[in-house]
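Open the model in your viewer and keep the sequence panel beside it. Each stop below gives a selection and then what is there.

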Amino acid sequence: MNITHFDDLLQAARQQPEPQRLLFVLTRPELPDDASPEQKAAFEAGHGGALVPVACVDRTPEELASFQAFDAEAQPFCHDWVIVFAAGMAGRNGQAPSSESAQGPLEQMVAAIKAGQIGNFLPFDRSGDAIRLA
């Protein structure tokens with residue numbers, strides 16, 4: 001399945017042979033303290049900066065009806081996110097992984113994103129569209 005939208009991810013996860021738990025890390029851009037004047041100007045114009053994790057959450061596909069539901073749930077604790085990174089965990093024997101078992105992988109996702117290692121995650125923008133980051 002070609003995943004071009006957050007809702008495609010939900011659909012694909014629901015179709016897997018074993019139940020899934022989806023992991024999400026919400027990020028926003030921030031400018032480093034040592035940014036040059038050019039970098040500051042670009043950032044103020046809406047370009048550049050580093051994506052910084054600000055919140056993470058795990059849900060089963062059944063707990064999320066759509067991207068709109070995800071975004072509505074995220075608003076109270078992270079209203080200014082710009083990119084959400086997603087990953088999945090497969091369950092076993094018909095059981096989805098528990099939220100507790102997702103904590104370690106979520107921490108690893110946060111660390112990877114901080115290190116700029118985002119290749120194993122699916123990024124989505126504020127519209128729920130899958131995007132490609134350079």
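Start with valine 84, which stands opposite phenylalanine 124 in β4. Strands here, like helices, are DSSP runs numbered from the N terminus: E with at least two residues for strands, H or I with at least four for helices. The model is predicted, so local features need pLDDT of at least 70 and side-chain atom pairs count only at pLDDT 80 or more, while totals for chains, interfaces and linings use all residues. Residues are numbered from 1 along each chain as its sequence is written, and side-chain values use heavy atoms, with hydrogens and water left out.

Select residues 83-90, strand β3. Six of its eight residues are buried, so the strand is largely enclosed by the rest of the structure. Buried means under 20% relative accessible area, exposed means over 50%, and partly exposed lies in between (1.4 Å probe, protein chains only).

Find leucine 23: its bridge partner in β3 is alanine 87. Now show β4, residues 122-124. β4 runs antiparallel to β3, and three bridges join them.

**Past β4**

Move to alanine 130, in the segment after β4. Alanine 130 is partly exposed, at 30% relative accessibility. Which residues does alanine 130 contact, leaving aside its neighbours within four places in sequence? They are Ile3, Thr4, His5, Pro123 and Phe124, where contact means heavy atoms within 4.5 Å.

**The aromatic cluster**

Select Phe6, Phe24, Phe67, Phe70, Trp81 and Phe124, which form one aromatic cluster. The whole structure holds seven aromatic pairs. Rings of Phe, Tyr and Trp (its six-membered ring) pair if their centres lie within 6.5 Å; planes under 30 degrees apart are stacked, over 60 edge-to-face, and the rest tilted.

Zoom in on phenylalanine 6 and phenylalanine 67. Their ring centres are 5.4 Å apart and their planes at 65 degrees, so this pair is edge-to-face. Phenylalanine 6 lies in helix α1 (residues 6-14) and phenylalanine 67 in helix α3 (residues 67-74), so the pair ties together parts 61 residues apart in sequence. Phenylalanine 6 is buried at 0% relative accessibility, and phenylalanine 67 is buried at 6%.

Next, phenylalanine 70 and tryptophan 81. Their centres are 6.3 Å apart and their planes at 75 degrees, so this pair is also edge-to-face. Phenylalanine 70 is in helix α3 and tryptophan 81 in the loop between α3 and β3, eleven residues apart. Both are buried.

**The cysteines**

Cysteine 56 is partly exposed at 39% relative accessible area, whereas cysteine 78 is buried at 2%.

**Zoom out**

Finish with the whole chain. It has four helices and four strands, in the pattern α-β-α-β-α-β-α-β along the sequence. Of its 134 residues, 36% count as buried.

Notes. Pairing = 2+ DSSP bridges.
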